[in-house]
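Let's take a friendly walk through this fold, from its sheet to its helices and then to a few backbone details. Please have a viewer open.

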Amino acid sequence: MKLFDRLQNATSEEDVKDIYIKALGLKEYQKNLIDIQTKEIWFEAKQNSKLSSYEMFTQLMHYVQDALNKGDYIPPFLVVMDTRKAAIMKSVDVLPFLAKKTIKWGKSASGYTQDALDAISAHIGTHFVSFKIETHEDEFISTVKNAIKNGDIIRTPITPDNLKQVFDKWVSMIGREIKGVAEENYALLFFADIMHDGTISTHQNLPAELLHKNGAPVFNLGNINYELGNKEGYRQFWAIYNKPPKAEYRNYLLERRDTLIALDERSFKGAYYTPLVVVDKAYDKLEESLGVNWQRNYVVWDMCCGVGNLEVKHSNPRNIYMSTLDQADIDVMKATKTCVAAQRFQYDYLNDDINEFGEIDYNISNKVPFGLRQAIAEGKKILVLINPPYAEAANSLGNEAKTDVAATKVGRLMNKTAYGYAARELFIQFVARITKEIPNATLAMFSTLKYVNSPNFEKFRQVWNAEYLGGFIVHSKVFEGLKGNFPIGFLIWKTSQIGLAKKSIIDISVEVLDKNAVAIGEKHFYNFPNIHLLTNWIGRQKPNNIEAIPLINAVTPTTQIKGVRRTTWADNAIGHMLSDSNDLQNALHTGLFSSVHSIGHKGGFFVTTENLWQSAVIFCVRRLIKPTWLNDRDQFLQPTKPLSTEFKNDCLVWMLFNGSNLTASADDLDWNGRKWSIVNHFIPYTESEVNSPDRFESDFMVEFMRDLQFSSEASSVLDQGKKLWQAYFDYVDVRSVRDKLKLNRPDVGWYQIRKALQSRNASGDFPTVSFADFEVVYKLLSEKLRPLVYEYGFLKS
């Protein structure tokens, strides 16, 4: 638990003292009139936060004055603290003032006079360093420990490791006090502030500038001066941190401006910093694919250059053209002297120079340099080297979703072509304009692998003509700000749109790099026509007009009334399968229900007698293989050879006892002003086999399995599962559990059985039921089935 949280639970001043003693690691201390005394520090502590730091210091000074008068020992540091704030100062900064003995003290420390408070406050205001414990816990603790160890108050340096944290605190304490400035400009003002030593700036021509007016800080941006509404936060902030950063960090910190952009803005603009270790690997791959002289032979255009990380390794910058959406990025590159010989310009590649007919006309903006126009017109060797944005419009799962992505001019034009779903992706919009503008360019691009093998990009692959030259994939965690665990590819393509035969993307091999950009192997990505995908292996039965209750879990109806995608059932259906998307990253969205699932993913389908064996296979194939960052874009395929009867039957048993088998029976489910019932058709035992007190409404699964032959592994699972079913019927659960799991019918499902037994075990009121034997045999069945997923061709490694 954090220090701040522990302090909020303190019920007395003694609690506060003890909490701080533990947090600061104080060893030799005393508790007297002075709340905490060590050789190095005297502490004043309060149980609440009603008093200001000035008032607490005034009380502490009463004891310091008394010691001074008596000639007693005074420590080098003084600290005040309560449940929300703390402050530290050097005793030497106040002793000369106290030695004058001009303060009119009260009778006790807590009975200080107003004159004493005024006098102390006027003197110490510039000497103490204050901390908000909720946001500056680490800084406070390290400052006190450093004071004890080193005998001085050492300000915290600004480094690449704490840049984001420092910026967030700067915004809270300083940025929000700057009157009239837009929040998106905070990062520019922040760098103007930290890159200033109080007299001069460390860099010339930064986008913003720190000035001083009448001794107070003033920020200048776009020839407009912005003043602070309150200067106390500025004083407090710079009492904690040391500026400017060390010389060796300064340019690097400026290049990290992208990390300080709000995440939603960064996702849209694509400002994902490309780590230099990954850039090194990219240049190695470019040399391998294009030859040792590629930097001399190719004109390079990076139209998503940000602050130039992809180009800093280039040895021939006069061949480079660098454009970016934000002028501030250009200003940062100029200030840090990044790629000085390159031509750097602001350019909105998805909107600039596109006329109403969809044609590219550089005269509209006149931003594109003449040399670049000429190189394009003359068909010179051009390498497009980019790390474009990965945002997607109208993503149903809400990941990186941007409703305005497709609103770019390029996006609107693509919607009128055969690109289809791919037009939602910003990086594909870049590819579409590049294809039109520089039809024979070589494209070296960082991006997700969607365009290589995703079913939604089949139309794109049909119209895009490019030959794969080489590349690698690296863990997404290398790129700060990207959520999830998935591969980012750096793939090199020779595009060929004019006069050449269409080249199909069938199988590409890439080098695999780990989080540290170290090569760890090789991986293949396959592009199969959608007709070969697992989602098209089973026919979908259309629902009829039979009403069904939409569920979000085994026995939990949705709370929505309007906008629910599916509320009807299909003839002869015995269950509904949630089966979202066709790749491994979405395999976790697989489940079997006794009614329709409220999300109603497009890949979902009704389970019937006719498709039950296929349903079980699909369920197992999707759940058996654990998604990793490396395989999560792999597509599920239809089997490439006939499936054995044993495999089919094993899959059925594995599905019945999997945690995502959410079939159940229940009465009195509330939804849309009605009471509903659901029936479980997936019980593999008769009533007598499990000692049920009453009749099951459906014996479908018992009859279906009656003549099936099961392997020894599947039979062991059935035997151990039966023992758990029997254990469930040995006792009646308490009312709260019955209500929660809807245990109001005998024909309960595997989900209800497991949860009920787990609740009994946790309560301690029932004999413990062990799952250990079941888990052993289920694991053996899993291990048997897992390699068959690849052997039968459902996945390709």
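Which residue in β18 stands opposite Phe472? It is Glu511. Before going on, note that this is a predicted model, where local features need pLDDT of at least 70, side-chain atom pairs count only at pLDDT 80 or more, and totals for chains, interfaces and linings use all residues. Residues are numbered from 1 along each chain as its sequence is written, and side-chain values use heavy atoms, with hydrogens and water left out.

**The sheet**

Strands here are DSSP runs of E with at least two residues, helices are runs of H or I with at least four, and both are numbered from the N terminus. Two strands pair if DSSP finds at least two bridges between them. Strand β16 (residues 466-475) meets β18 (residues 507-513) in the parallel sense, over three bridges. Both belong to an open, mixed sheet of nine strands, ordered β13-β12-β11-β14-β15-β17-β16-β18-β19. β13 (343-346) and β19 (519-526) are at the edges with a single partner strand each, so one side of each has no neighbour in the sheet. From one strand to the next, the twist averages 20 degrees.

**Helices on the sheet**

Contact means heavy atoms within 4.5 Å. Angles run from 0 to 180 degrees between N-to-C directions, and axes are lines fitted to C-alpha atoms, for helices over the stretch in contact. Helix α12 (residues 276-290) packs on the sheet, touching β14, β15, β16, β17 and β18, and its direction makes about 155 degrees with that of β16. Helix α15 (residues 370-377) lies across β11, β12, β13 and β14, at about 115 degrees to β11.

In α15, Leu372, Ala375 and Ile376 are buried (under 20% relative accessible area, with exposed over 50% and partly exposed in between, using a 1.4 Å probe and protein chains only). Seen down the axis, these buried residues fall within an arc of 100 degrees, so they line one face of the helix; the arc is that of the directions from the helix axis to the C-beta atoms. They pack against β11, β12, β13, β14 and α17 (426-437). Phe370 and Ala377, on the other side, are exposed. Gly379 follows α15 with a positive phi near 70 degrees.

**Backbone details**

Most residues other than glycine have a negative phi, and most peptide bonds are trans.

The peptide bond from Lys243 to Pro244 is cis, with omega near -5 degrees, and Pro244 sits in the loop between β10 (241-242) and α10 (247-255).
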